[in-house]
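Student: Could you show me how to read helix packing and pockets in a model?
Tutor: Gladly. Here is the structure.

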Amino acid sequence: MNKTKVCLIVGTRPQIIKSAPILKALVNDDFIVQLVHTGQHYDYQLSKAFFDEMDIMNPTLNLEVGSGTHVWQISQILSRLEHPLLKLEPDVVVVPGDTNSALASALVASKLKIKLAHVEAGARSNDFTAPEEINRRLIDHCSEILFAPTRNCLDNLRKESVFGKSYMVGDTMYDAFLENYDKIKRSKIRERLGINSKQLAAVTIHRTENVDVKANLHMVIEILNGINEQGIEVVFPMHPHTRSRLEEFKISYKGITVVDPLGYFDMLKLVEEASVVLTDSGGLQKEAFWLHVPCITLRNSTEWEETVKLKVNFVFGLNKKVILNKVHAIINNSDFRKRFRDIRNPFGDGRASKRIVSLLSGIK
Ligand code: UD1
């Protein structure tokens, strides 16, 4: 039988996590798998660590694009990907998520008239100042196959009349979470970091709107200090970009436990151990939800409205007073976690990757 050649393109930490279960499901006789890494993330802790932990095949090719302005990064991927992709001759290019790597790869596939499939299609925050919102909309409108993680995402695609064919498959991040839950449970991150406090807040902040504007990054640190003053240990695995901005802006922090970025198992275990999560990441809002931990999102909008409607994720921007009050209310409400008990998971059943692979098998 003629095998289907699938070229999956990743470049950043969340894309590697989203792709791991798809790559696993692609290992069968029907497919030839090509894995391209753009090199957008290159630090061990943001890239290779996840390949090792999740036992992902080595990339067929690394474009080693690295960091730069968004325009530079996208243009580098455009020019570095064209010839290799012509040589690889895939039947379909698969891009997950909404990063610059995803947008640039989608454009190359589209210009080369190679079929394009988008994983996590239809997510919308409606915040056009966020680079990811522009990226995901553009990718959706040049994809032939759109894999929506939730019913809401599928509805968004229908409203926008995308030309490709849309399927509600579920969220591959949820697949990854279920597949790795035993290993997450076994992580000894609390002991390794020497965290003894009863109440923890797990924090990640890296979005350009929060870290590239001095006043905003200052406010983030003020908010975290305020949480610390409530007797809650703030544990902040810090993206290298956030760290360098703090240094550049000469913003100091005290009483916050800042650590290097964590691997997947340790990060999710830290979330499970936490009383509350504070983040501007998209993925972590969902992971907190699956671990039954309330989340406060330090952005003005979210693409995961589902969790907001379920009253377990609170999108509060950088409103210090509101955030500190909510943290206080969560910590002092021992029944809060009960809210999660009867909630139906809107992100599928853990079989999204299998559905994606089954739909890809009919693509030729
Ligand atoms: C990118 C994605 C974002 C995603 C995030 C996950 C875009 C537009 N943004 O943001 O949606 O949530 O990945 O982390 O694609 N850097 C390092 N080491 C690295 C990579 C980056 O130090 O391995 C530093 C560099 O200073 C770089 C900065 O981080 O300039 C920003 O990196 P970049 O890849 O442009 O964006 P992220 O903030 O990681």
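Tutor: Helix H10 (residues 214-229) packs against helix H15 (residues 320-331) at an angle of about 30°, their axes 10 Å apart. Helices are DSSP runs (H or I, at least four residues), numbered from the N terminus. Axes are lines fitted to C-alpha atoms over the stretch in contact, and angles run from 0 to 180 degrees between N-to-C directions. This is a predicted model: local features need pLDDT of at least 70, and side-chain atom pairs count only at pLDDT 80 or more, while totals for chains, interfaces and linings use all residues. Residues are numbered from 1 along each chain, and side-chain values use heavy atoms, without hydrogens and water.

Student: Are H10 and H15 roughly parallel or roughly antiparallel?
Tutor: Angles under 35 degrees count as roughly parallel, over 145 as roughly antiparallel. So H10 is roughly parallel to H15.

Student: Which residues of H10 and H15 make the contact?
Tutor: Contact means heavy atoms within 4.5 Å. H10 uses Met-219, Glu-222, Ile-223, Gly-226 and Ile-227, and H15 uses Lys-320, Ile-323, Leu-324 and Val-327.

Student: How is empty space found?
Tutor: A probe the size of a water molecule is rolled over the atoms.

Student: What volume does the largest pocket have?
Tutor: About 1200 Å³, the space filled by probe spheres set on the grid points, which are joined across faces, edges and corners. A pocket is an open set of points on a 1 Å grid where a 1.4 Å probe fits, with protein on both sides within 12 Å along at least five of seven lines; lining residues have an atom within 4 Å of a point. Of its 50 lining residues, Arg-13, Gln-40, His-41, His-206 and His-239 are the closest to the centre of the largest pocket. H13 gives the most to that lining, with 5 residues.

Student: What about the second largest pocket?
Tutor: Its volume is about 280 Å³. H1 supplies the largest share of its lining, 5 residues.

How values were computed: Helix = DSSP H or I, 4+ residues; strand = E, 2+ residues; numbered from the N terminus. Parallel < 35°, antiparallel > 145°, perpendicular 65-115°, else oblique.
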